[in-house]
Structure formats: C-alpha cells, structure tokens
Amino acid sequence: MSDVRVDHTQKLEETAVPNNLEQQDKQDEEQPQQSVQENAEYEDEELHKLLVPDITQLPLIPPSAVEFNFASYFAPDFMKPGNDQYVYRHANGLCVVGLASTHLAFKDKGGITAVDFNVGKSDRSGMKVTGKRKKNAQHFESNTALCKVCTNGDSYIVRCCVKGSLLEVNERLIKQPELLHSSADREGYIAIIMPKPADWLKVKASLLSLEEFKKLRALC
C-alpha cells in the first residue's frame, strides 16, 4: 500500500514539473514583450516632448526672422560718434550690413531723403557679381565706404564694418530711401558682404553682441 502511494506521489511530481516549466516559459516570453512596450512608450513620450514644446518654456515674444536666421552684431560709433551700424551674420558666413536703429541719421528732422552709392572711386550700385565664384566681386576693408545717406540737414557715410568681398548693395534704396525708416534691418539693408573666416574672427572681436549693444545704448 505504501508503494502505491509513493508511485502516485512521483507521478504527481513528474506532472507538476512540466507545468512549472510552461509557466516559466510564459513569464520569460512576457518579460521581453513588456520591455519592448515600455521602450515604445518611452520613445513616444520623448518624441512628444520634441514635437510639442512646453508652453511654460516658450518666450513671451517669438523671435523675428532676423533673430532666428542671423547672429546679430553691432559696430557702435563706427569711425564717427553716432554712426551705429549692424552686422547680421548668417550660418553660411554671409554678412548683411546696415544702419542700427540708434544711428544719428534717424534723429535728423525730416528723416532720410536719399541714398547715394556713388562714393569713393566707383558707383557701388554698378557692381555686378556673377557665378558661384562671385566673379567681379571687389574686396574691401572694414572702413571702406559703401554709400552716403542724406538727410535734410546732413549726410553720413555708411561703411563695410567687415573686411571681405562686396556681393550686393541694396539698389532699392536709391528710389526708396524710406525703407531705411520702415525696415532698416530687413528690406532696408545696405549691403551683403562675404568675409573670409580668418577676417571674420578678427572683426568679430571688435563688435558687440545684441545684449551688449542694448546695454550700451540703454535699450533694455
């Protein structure tokens, strides 16, 4: 009788072992699936953070196109007190040069009446640059005159501010000098210059950042 009980117990143990193994196999299968699901949820959460920014971290005033696409630098009192100019540098190295909002020309009564690119020994508006190699581009120093801005009572020489190749001047200003009043930092730019990397590093050290310029002119 005891032998029968032993055999019966052994059979129960033998049948229980496969069941335990099956349960373990199921758990092993479920763990990788759970891990994959957790990773997927984490990736979805990270992607959501990238696509949908936290509104509490957004600036009160969105950046302008100039602020978004260019690094802003300024040359205060360039060659003469009150002759404040800006240099907006694009990531590709191009520099857009123009009059800063604090330039003396904007303070004259009657405002700016004319822009004359016929300065120095040549008319800057007559320069035509062509091709990828910028054929016919003239190389100017930072103090080279670009144009003359005239008001009712005075005139001001606008200069390159950076050493490089003059690629373009804004000929629209000849017929529409009022663009300097309405959008001096956009449609009213003066010229586009391409400096060499080494020349840019040298002149950059002499320029002010936007924050530094605001502090200097108490624009904050």
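The model is predicted, so local features need pLDDT of at least 70 and side-chain atom pairs count only at pLDDT 80 or more, while totals for chains, interfaces and linings use all residues. Residues are numbered from 1 along each chain as its sequence is written, and side-chain values use heavy atoms, with hydrogens and water left out. Helices (H or I, at least four residues) and strands (E, at least two) are DSSP runs numbered from the N terminus.

**Helix α5**

- Helix α5 spans residues 197-204, and Asp-199, Trp-200 and Val-203 in this helix are buried (buried is under 20% relative accessible area, exposed over 50% and partly exposed in between, with a 1.4 Å probe and protein chains only).
- These three residues lie on the same side of α5, because they cover an arc of only 100° around the axis (the arc is that of the directions from the helix axis to the C-beta atoms).
- An α-helix has 3.6 residues a turn, so residues three or four places apart point the same way.
- Exposed residues Pro-197, Leu-201 and Lys-202 sit on the face of α5 that is turned away from its buried side.

**Aromatic pairs**

- The whole structure holds 4 aromatic pairs (rings of Phe, Tyr and Trp, the last by its six-membered ring, pair if their centres lie within 6.5 Å; planes under 30 degrees apart count as stacked, over 60 as edge-to-face and the rest as tilted).
- Phe-74 and Phe-213 are a stacked pair, with 4.3 Å centre to centre and 5° between the planes.
- This pair links distant parts of the chain, since Phe-74 is in strand β1 and Phe-213 is in helix α6 (residues 210-216), 139 residues apart.
- Phe-74 is buried at a relative accessible area of 7%, and Phe-213 is buried at 2%.
- Tyr-86 and Tyr-88 also form a stacked pair, at 4.1 Å centre to centre with 15° between the planes.
- Tyr-86 is buried at 1% relative accessibility, and Tyr-88 is buried at 8%.
- One aromatic cluster is formed by Phe-74, Tyr-86, Tyr-88 and Phe-213.

**The sheet β4-β8-β9**

- Three strands make an open sheet in the order β4-β8-β9, with antiparallel pairing (two strands pair if DSSP finds at least two bridges between them).
- Strands β4 (112-116) and β9 (155-159) are the edge strands, each pairing on one side only.
- Strand β8 (residues 145-151) runs antiparallel to β4 and is joined to β4 by 4 bridges.
- Lys-148 in β8 stands opposite Asp-116.

**Salt bridges**

- There are 4 salt bridges (a side-chain nitrogen of Lys or Arg within 4 Å of a carboxyl oxygen of Asp or Glu).
- One of them joins Arg-217 and Asp-77, whose closest N and O atoms are 3.0 Å apart.
- Arg-217 lies in the segment after α6 and Asp-77 in the loop between β1 and β2, so this pair ties together parts that are 140 residues apart in sequence.
- Arg-217 is partly exposed at 25% relative accessibility, and Asp-77 is partly exposed at 37%.
- Arg-186 forms a salt bridge with Asp-185 at 3.2 Å, N to O, and another with Glu-187 at 3.9 Å, N to O.
- Shared partners join the salt bridges of Asp-77, Asp-84 and Arg-217 into one network.
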